[in-house]
Amino acid sequence: MKRHLGLLRLLPLTAVFMLLAGCGEERLSALDPYGPQAEWILDNMILSLYVMALVVIVVFALYFIAVVKFRKKPGDEELPEQVEGSKALELTWTIIPVFLLAILAVPTIWGTYYMAEEVPEAAGSSGGESENGEQSGEGGDSQNSGSSSEQQQGQDALVIDVTAHQFWWQFDYPEGFSAGNEVYIPTNEKVWFNLTSSDVIHSFWVPALGGKIDTIPGVENTMWLEANEPGVYKGKCAELCGPSHALMDFKVIAMEPGQYEAWEAEMASGSASSGNGGSGESGSEQETSDNSSGEGVSTVSDGRQAFEDQGCITCHAVEGQGTGQGPTLSNFGDREKIANILEPTDENLEEWIRHPGDIKQGNNMPGFPDMNDEDMNAIIQYLQSLSAKENMNQ
Amino acid sequence: MATATATNTNKSVLWDWLTTVDHKKLSVLYLIAGALFFLKAGAMAIFMRIQLMSPENTFLSGQTFNEFVTMHGTIMLFLAVTPLIFAFMNFVIPLQIGARDVAFPFVNALGFWIFFFGGLLVSVSWFFGGAPDAGWTAYVPLSGGEYGDLGLDFYVLGLQVSGLGTLVSAINFIVTIINMRAPGMTMMRLPLFCWTSLITSILIVFAFTPLAAGLALLMLDRIFGGQFFNPGSGGNPVLWQHIFWIFGHPEVYILVLPAFGIISEVIPAFSKKRLFGYTAMVFATLIIAFLSFMVWVHHMFTVGIGPITNSVFAIATMAIGVPTGIKIFNWLFTMWGGKLIFNTAMLCASSFVPTFVLGGVTGVMLAMVPVDYLYHDTYFVVAHFHYIVVGGIALGLLAGTFYWYPKMFGHMLNEKLGQLMFWMFYVGFHMTFFIQHILGLIGMPRRVFTYLDGQGMGTMNLVSSIGAFMMGAAMVVLLINVVYSAYTSKRITVRDPWDARTLEWATTTPVPEYNFAQTPQVRSLDPWFYEKVHGDGTMKPAEPMDEIHMPNGSILPFCIGLGLFVWGFGMIMMQMENPLIPEWIVIGAGVIVTFGSMMLHSIHEDHGYHIPLDKIKKTEKEVS
């Protein structure tokens, strides 16, 4: 009976696994994977759990038998036999663990290379691809990797530059536009990230899609992720980076490839933003006619003006490439959250603009506590109107 | 505790403790200092668990939480567990090897006071604009000049000073164990606690030196505008991580090996059996120590060092599982076939075995690089290393406390309160940390001061917090036990209240200042047990009774430590705006006190004193 105690210990864990399998809208848990990398990780974690459960069961069984059976009986003063040791036993518990570890070492090394896969060369280069072929042939765990790398053979892989800042994320797309805090990717395709940091070390982690990698100033790291399904995947900073480290979230938004292309085109054309440089006026007119917001034409174009007058534009780009000073707001109206923690309501946005330091301690945005209500409303209406998704759907 | 000597009967108690070079008194000093730091860091843990009890809690701000998380880790590792193991090493090693003291009693006191003042320097940061806040690992650039506040200067200089004390003590222990063993105490008859202490001391020498170098580089960067870790000027922040973990990984073994040693003493004593596979245990310890320097990159798998390096270090890390497994099974087979007595010491020691296995298996899981990409820097890691440091080290220290307490203080700790403490601590521990494995897997990074609602983390964090409160309550019970036992427990007059096996139980209780009136002749492993079974129950003397040469106490170790504190504080003042007095005066004063004391020690001839024969005979008659 004591033998099963080790197993019983694992039961709650298994129950929690099952409980967490069905998650909500925003996907976070690594126990509920949505991509080949995360699936590989979970499969191999479970493999290691089985191997380790074996060790735990043996130790616990021996322990509990010893504790129950060899308790000193009252009045028994006889000395037990003073055993020196046993060579055979010592060899047994040296050799068996070596075999158990070997079982884990094989997928460890295989997986290390699988996840370190480099960005495939655009065309003609066979080196990278043949390596992929080998890898997917080797392990049964990751049939997905084979199919997805075949898909990529005909096309250029999407490579997104990631720069981490205290406490937000900048995503620069190859088409010359940026996104802040929310990164859009196509589904069923490996997307590569080149990661670095502008200040301290952060770590880029999307549990439901894969592993994590540090973003280090002066160093460029690479990793890939792939999502099987469209959806919103929560990402987090995993390396202590300052007072608001806990609030340095981001989101990966996966879309069907067709939809993604539309989004990408919309962002690249810059029409998501309501004004730009020389053609500011016409841009805002177009924007307001697109959006039938109740506030009317004037507020949004006033908002654009206020956005410039108040100096917001110094740090926050509203089209094209980001400044690196603050998150790009080109598609602010599409945001799931303001600064990744507040619901995207007008009230929360106002609170954020007035007192950003209270909400995210130590962040670099100066507060605007004394901004007049007129400008504030205009800016809020303007920001909420910036949407790539709405334009794209028309 | 040792009785007052003839030379200092006219001096105050305080002066006696400030100047003592007696290893037994220094052990008590280490114990008190370590316990105070432990309580402080434990209280911080309780505060952090209150903050994390519910989502989006506002009990602590992000900044305060970061300071707590940093100080909790820094204090626990450098200023709590290190002195606590040193307390046991100081008390037990000379007794177990049949020596009158450590090799260099003056240096022993020096080690303590330097450590103590270094710890004090880290601690006073609270009064000067806040504690360090970059985690106990102090990764640059967050800990560098641009992002780290004054607290980090206290971290750098305080740890530099206290690390010096630790190094000094370690060298002393190495020399003691190699040179001071009684006749017949060969290396392969050395009790396992002495073996693990020896290896720990060697690890300290090799691991604390890179730490000292790293801290010096960080100090140069912070205070003197160095650019070692600044990527903008050709420096590299990853360099710090390498230096830190070359120290940091062996540090884990520095702390856990003496705990292994304690377990290896307590389990045989209360199983009434000799340690199973003594030779295998010794060699397993050596292999663990050797491998501990080969695995530091497993703390840096996500840094992006490349698949080749990661693979090599993954295999090296897994290899450590083998010798550790050997130890686990040898402990199990020591208990197997024995006559187990479950008092508090044995409860702690034996429950260490399955608990440590749980920490060990997650360690192997963490070695799987690609899966570590998931675990790294999450609560899974937090759970893993707390299974090692609490389930391993803390249980070992508790076992050691209850086991050696009668020899150290002349009375037992109360058994009922002890067992109550054990069960509260043990249940609380598993409640706190087991569930944190799962928290990590569902997406909770470590060192977060809060987490958003609606991520399914609330309940599990609440359970974890309740467990932490239970552990806190258990520590209160321990404190009550110490006070209660001091007043109510019966004095112990026998040598060997546990019917144990090693040489420390052959000394009289309380242990006289010279430990052994005559150096004992060792005839076997577990010499005291051997004499009880095969001899007449007393140790055979290896020398005739004669005068005993003892070292004089000295205030100089205290002065050297104080001088280093003042120097360190002066260095930190260079970073302060408008200090009250110019910093160079403070730095100069510190340097003069430290080097002046050293000079004084060099030119002042002190040959110690001799305890006359009739006094020894009188003392021996009194206690027996």
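## Report on a Two-Chain Predicted Model

Strand β3 (residues 168-172) of chain A and strand β4 of chain A pair in the antiparallel sense over three bridges; strands pair if DSSP finds at least two bridges between them. This is a predicted model, in which local features need pLDDT of at least 70 and side-chain atom pairs count only at pLDDT 80 or more, while totals for chains, interfaces and linings use all residues. Residues are numbered from 1 along each chain as its sequence is written, and chains are lettered from A and ligands numbered from 1 in the order in which they are written.

Within this pair of strands, F171(A) has A179(A), in β4(A), as its bridge partner. Both strands belong to an open sheet of chain A with five strands, ordered β4-β3-β2-β6-β9, and its pairing is mixed. β4 (178-180) and β9 (221-225) of chain A stand at the edges with a single partner strand each, so each has one side without a neighbour in the sheet. From one strand to the next, the twist averages 25°.

Chain A has 13 helices and 11 strands, which are DSSP runs (helices H or I, at least four residues; strands E, at least two) numbered from the N terminus. Of the contacts in chain A with a separation of 6 or more, 68% join residues 24 or more positions apart; a contact requires C-beta atoms, placed from the backbone, within 7 Å.

In chain B, the axes of helix α4 (residues 105-123) and helix α5 (residues 150-179) come within 7 Å and cross at roughly 165°. Axes are lines fitted to C-alpha atoms, for helices over the stretch in contact, and angles run from 0 to 180 degrees between N-to-C directions. α4(B) and α5(B) are therefore roughly antiparallel to each other, the term for angles over 145 degrees. The contact of α4(B) with α5(B) has 15 nonpolar, 10 polar and no charged residues. Here Ala, Val, Leu, Ile, Met, Phe, Trp, Tyr, Cys and Pro count as nonpolar, Asp, Glu, Lys and Arg as charged, and the others, Gly among them, as polar.

Between the chains, 76 residues of chain B are in contact with 76 residues of chain A. Each helix in the table supplies at least two residues of the side of chain B that touches chain A.

| Helix of chain B | Extent |
|---|---|
| α3(B) | residues 62-96 |
| α7(B) | residues 237-271 |
| α8(B) | residues 278-291 |
| α9(B) | residues 307-335 |
| α10(B) | residues 344-367 |
| α11(B) | residues 369-375 |
| α13(B) | residues 415-441 |

α9(B) gives the most to this side of chain B, with 15 residues. By class, the side of chain B that touches chain A has 47 nonpolar, 23 polar and six charged residues.

Methods: Two residues are in contact if their C-beta atoms, placed from the backbone, lie within 7 Å. Angles under 35 degrees count as roughly parallel, over 145 as roughly antiparallel, 65 to 115 as roughly perpendicular and the rest as oblique.
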